[in-house]
Amino acid sequence: MTLAKYEILGKVVETGNLTKAAEQLSLTQSAVSRAIISLEQELGIQILARGRSGVRLSHDGERLWGYMKEMLQLHENMLQEADQIKGLMRGTVTIGTFTSVSIHWLPDILHRFQQKYPQIEIRLLDGHYHDIERWIADGTADFGFVNLPSSHGLETRMLIQDRMMCVMPADHKHSVKSTISLEDIADEPFIMPAKGCDTDVRAWFDGQAAVPHVRFELEDDHAIMAMVRCGLGVSILPETILASAPSGLVARPLGPEASRAIALAAVSFKKCSPAAARAISSIVELIGLKESNS
């Protein structure tokens, strides 16, 4: 069956290695090779480019792979719809997420969701905003959490406005203030969040035609908080991240206020698989409950 060959090809593309693909599919390497050769003969083109570092899609293969993934997804959607007709709910849902969502929301949400739908497998892809949008756009993820506005023309569903907060040591001279202005931190060494929240932080400074005195750039939020706690500088982080902040820190709203808009995104919510649609509905409902109780 051609769909089975597409599934095999997908695993080869994912692993970049015929042997690893065969192991993960519980097939022999020769069976995987035969499936790829058969598909190439069927289409009359070379799908894979083989080299010393492994295998990857050829230029022609890249042009066709999107159609193959779409057919695989349609087949999966059909099977899930058939299960629904029979009163079952099964399937696999891949969600793109970033750190603060993974820490603050997902553990409780996934626990409740899996209790309700134990036959739906959830896979998480952790990355930065642009990674998640790319995964959704190319079909690697069914949907994901993004920071608005979306740059890939995706459909979005707003969740919350997440305030950006100035973080400083508890004994900082401005820790008693209710809000922190640009003037308060203009001369302070600044610890910049890298590849993610930096866009929101830089936008706040840009809006006031200011440039922060960046002392360090770090990707890990907890590393940033540790640096701040030790007096190495101040930073600006989203409020959701600060829910897990250690002692010895204070966080104050910015003036003028700034926030990031967290939303769910998909290529098309109407075309999501039944399992993905259930996951989306559950996330929207549970985040609404969590935020109303916060």
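I began with the contacts (heavy atoms within 4.5 Å), and in this predicted model residues 24 or more positions apart account for 70% of those with a separation of 6 or more.

I noted the ground rules next: local features need pLDDT of at least 70 and side-chain atom pairs count only at pLDDT 80 or more, while totals for chains, interfaces and linings use all residues. Residues are numbered from 1 along each chain as its sequence is written, and side-chain values use heavy atoms, with hydrogens and water left out.

I then looked up the overall build: the C-alpha trace spans about 70 × 50 × 30 Å along its principal axes, and the secondary structure comes to 11 helices (DSSP H or I, at least four residues) and 12 strands (E, at least two). Of the 294 residues, 45% count as buried, that is, under 20% relative accessible area with a 1.4 Å probe and protein chains only.

I turned to the largest pocket, where a pocket is an open set of points on a 1 Å grid over the protein atoms alone, fitting a 1.4 Å probe, with protein on both sides within 12 Å along at least five of seven lines. About 1,600 Å³ of space lies in it, the volume being that filled by probe spheres set on points joined across faces, edges and corners.

I found 37 lining residues, each with an atom within 4 Å of a point; Lys69, Leu72, Gln73, Gly139 and Thr140 lie nearest the centre of the pocket. Two or more lining residues come from each of helix 1 (2-15), helix 4 (59-85), strand 3 (91-97), strand 4 (120-126) and helix 7 (129-137), and helix 4 gives the most, with 11 residues.

Note on methods. Buried < 20%, exposed > 50% of the residue type's maximum accessible area, 1.4 Å probe, protein only.
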